[in-house]
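Please take a look at the model below.

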Amino acid sequence: GKEITLLMQTLNTLSTSEEKLAALCKKYAELLEEHRNSQKQMKILQKKQSQLVQEKDHLQSEHSKAILARSKLESLCRELQRHNRTLKEEGVQRAREEEEKRKEVTSHFQVTLNDIQLQMEQHNERNSKLRQENMELAERLKKLIEQYELREEHIDKVFKHKELQQQLVDAKLQQAQEMLKEAEERHQREKDFLLKEAVESQRMCELMKQQETHLKQQLALYTEKFEEFQNTLSKSSEVFTTFKQEMEKMTKKIKKLEKETTMYRSRWESSNKALLEMAEE
C-alpha cells in the first residue's frame with residue numbers, strides 16, 4: 001500500500017544498513033504503540049460490558065416479578081457473556097500471536113513488510129467488526145428496556161384495577177356487616193319482647209291458678225253448705241233456689257277461669273318455645 005511505498009522510499013534514502021535497521025525499529029515501535037492502544041480500547045470495551053452485566057443483575061433483583069423481561073435480560077446477559085468470552089479468547093489469542101510476531105520481527109527483521117500491513121488490515125477489520133457488534137448489542141438493550149417499561153406500565157394498571165376491586169369488596173363487606181348488625185338488633189328486640197311476653201303470661205298464669213284455687217275452695221265451701229241446705233231443704237225452698245243459682249254462677253265462673261288459665265298457659269308455653277329457638281340460633 002501507500003504506507004509500504006513510503007517506507008521503502010524512506011529506506012532507500014538511507015545509505016547504511018544500521019540506519020535502515022533504526023528506521024525499521026522506529027516503525028515497529030510505532031506499530032507496537034498502536035497495538036497497545038488497541039488493547040487499551042479493548043479493555044475499556046470489556047469494562048463497559050461488565051458494567052452492562054452489573055446493571056442487568058441490578059434490574060433482575062429489583063423486578064423479580066417481571067418474568068418475561070427478566071428472561072429476556074438473562075438471555076441478553078448470556079449472549080453478552082458468550083460474546084465477552086469470545087472477545088477475551090480472541091484478545092488473548094491475538095495478544096499471543098502479536099507477541100510471537102513481535103519476537104519473530106525482533107529476531108528476524110528480514111520479514112517482509114507485506115505481512116505487517118496484512119496484520120494491520122486484519123486488526124482494523126476486527127476492531128470495526130467489534131464496534132459494529134457493540135452498536136447492535138446497545139440497540140437490542142435499548143429495545144429490551146423499552147419493552148420492560150411497557151411491561152411495568154401494564155403491571156401498574158393491573159395493580160390499580162386490583163385495588164379498585166378490593167375497595168369494592170371492602171364496601172360490600174361493610175354493608176353486609178351493617179345489615180348483620182341491624183338483624184342482630186332486631187333479633188334482640190324480638191327476643192326482649194318475647195321474654196317480656198313470657199314473664200307476663202307466666203304471671204297471669206300464676207294469678208289464674210291462685211284464683212282457680214280460691215274458687216275451688218269456695219266451691220268446696222258452697223258444696224258443704226249445699227249439703228247442709230239439703231238437709232234443711234224442707235225448711236226453706238226459697239233459700240235453696242237462691243243457693244242453687246249462686247252455685248250455677250260460681251260453676252260458670254270457674255269454667256271461664258279454667259279456660260283463661262289454659263289460654264295463658266298455652267301462650268306461656270309458646271313464648272318459652274320461641275325463646276328456646278332464639279337461644280339455639
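This is a predicted model: local features need pLDDT of at least 70, side-chain atom pairs count only at pLDDT 80 or more; totals for chains, interfaces and linings use all residues.

Residues are numbered from 1 along each chain as its sequence is written, and side-chain values use heavy atoms, leaving out hydrogens and water.

On a 1 Å grid over the protein atoms alone, a cavity is a set of points where a 1.4 Å probe fits but cannot get out, while a pocket is an open set with protein on both sides within 12 Å along at least five of seven lines; lining residues have an atom within 4 Å of a point. Grid points are joined across faces, edges and corners, and a volume is the space filled by probe spheres set on the points.

The count comes to 1 cavity of 30 Å³ or more.

| Space | Volume | Residues given by α2 |
|---|---|---|
| Largest cavity | about 60 Å³ | 4 residues |
| Largest pocket | about 400 Å³ | 8 residues |

Helices here are DSSP runs (H or I, at least four residues), numbered from the N terminus. The largest cavity is lined by S38, Q41, M42, L45, N127, L130 and R131. Two or more of these lining residues come from each of α2 (17-62) and α4 (113-231).

S38 sits in helix α2 and is buried, at a relative accessible area of 14% (buried means under 20%, with a 1.4 Å probe and protein chains only). Leaving aside neighbours within four places in sequence, S38 is in contact (heavy atoms within 4.5 Å) with H123 and N127.

Of the 20 residues lining the largest pocket, L31, L32, H35, E98 and Q119 are the closest to its centre.

Technical notes: Buried means under 20% relative accessible area, exposed over 50%, partly exposed in between (1.4 Å probe, protein chains only).
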